[in-house]
Amino acid sequence: MKFSTYDIFSDQNYANDDEHATVINCLVHLLSTDKIDIRGFEMWFKNGHVGGDIAWGISDWDEYMAEDHNIHEKFDGYLFYIDADEHGDLSRGEDQKILTKEEIKPFIKSIIEHYLKIDIQNNTGVWNLIWLSKDFGFY
């Protein structure tokens, strides 16, 4: 069965919603068609941030937010961002979305539910994501 990692979010109201496109685009960097990047989720949950080579990431508040992302007020939650180098529209600048942990939970739930359906051989990492998400309050 062939699918796109974006399909994981297709049953949700936010699947094709521009408001949540940045969140979904960041999350799919942590997924493949047959496996979850547990190390990436672990870095995010334990250290407060994870990101990629070009310019995407998920980060909690730190002292560099103003300098790195032009966010001057402290926030409760996580910044999902995709730089212009990643999305390709230099005139638009960085795409950003801040969500609280409660707002992130439905996204994690969608990921878990999808991989539980395809985890025939118990090798997608979904059980590790469940335990990790519960430990850090994302599920």
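The structure is a predicted model, in which local features need pLDDT of at least 70 and side-chain atom pairs count only at pLDDT 80 or more, while totals for chains, interfaces and linings use all residues. Residues are numbered from 1 along each chain as its sequence is written, and side-chain values use heavy atoms, with hydrogens and water left out.

**Nonpolar cores**

- A nonpolar core is a set of buried Ala, Val, Leu, Ile, Met, Phe, Trp, Tyr and Cys residues joined through side-chain atoms within 4.5 Å. Buried means under 20% relative accessible area, exposed means over 50%, and partly exposed lies in between (1.4 Å probe, protein chains only).
- The largest nonpolar core has 33 residues, of which Leu27, Ile36, Phe41, Trp44, Ile58, Phe80 and Ile111 touch the most other members.
- At least two residues of this core come from each of α1 (18-28), α2, β2 (56-59), β3 (78-82), α5 and α6. Helices (H or I, at least four residues) and strands (E, at least two) are DSSP runs, numbered from the N terminus.
- The most is given by α5, which supplies six residues to this core.
- Another core, of five residues, lies apart from it and includes Ile71, Phe75, Leu79 and Tyr81.
- In soluble globular proteins, nonpolar side chains tend to be buried together.
- Contact means heavy atoms within 4.5 Å. Leaving aside neighbours within four places in sequence, Ile36 is in contact with residues including Leu30, Phe41, Ile111, Tyr115 and Leu129.

- Helix α5 has 18 residues and reaches 26 Å from its first C-alpha to its last, close to the expected 26 Å. The expected span of a helix is 1.5 Å times one less than its number of residues.
- Among the buried residues of α5 are Ile104, Phe107, Ile108, Ile111 and Tyr115. The buried residues of α5 pack against α1, α2, β3, β4 (95-99) and α6.
- In α6 (residues 126-135), the buried residues are Val126, Leu129, Ile130, Leu132 and Ser133. They pack against α2 (38-47) and α5 (101-118).
- An α-helix has 3.6 residues a turn, so residues three or four places apart point the same way.
- Gly137 follows α6 and has a positive phi, near 75°.

**Aromatic rings**

- Rings of Phe, Tyr and Trp (its six-membered ring) pair if their centres lie within 6.5 Å; planes under 30 degrees apart count as stacked, over 60 as edge-to-face and the rest as tilted. The count comes to twelve aromatic pairs.
- Phe45 and Phe136 form a tilted pair, because their ring centres are 6.2 Å apart and their planes are at 40°. Phe45 is in helix α2 and Phe136 in the segment after α6, 91 residues apart.
- Phe45 is buried at 5% relative accessible area, whereas Phe136 is partly exposed at 27%.
- Phe45 and Phe138 form a stacked pair, with 4.1 Å centre to centre and 10° between the planes. Both residues, Phe45 and Phe138, are buried.
- One aromatic cluster is formed by Phe41, Trp44, Phe45, Tyr78, Phe80, Phe136 and Phe138.

**His29**

- His29 is in the loop between α1 and α2. This residue is partly exposed, with a relative accessible area of 33%.
- Leaving aside neighbours within four places in sequence, His29 is in contact with Trp56 and Glu86.
- The C-alpha atoms of His29 and Gly77 are separated by 19 Å, and the two residues are 48 residues apart along the chain.
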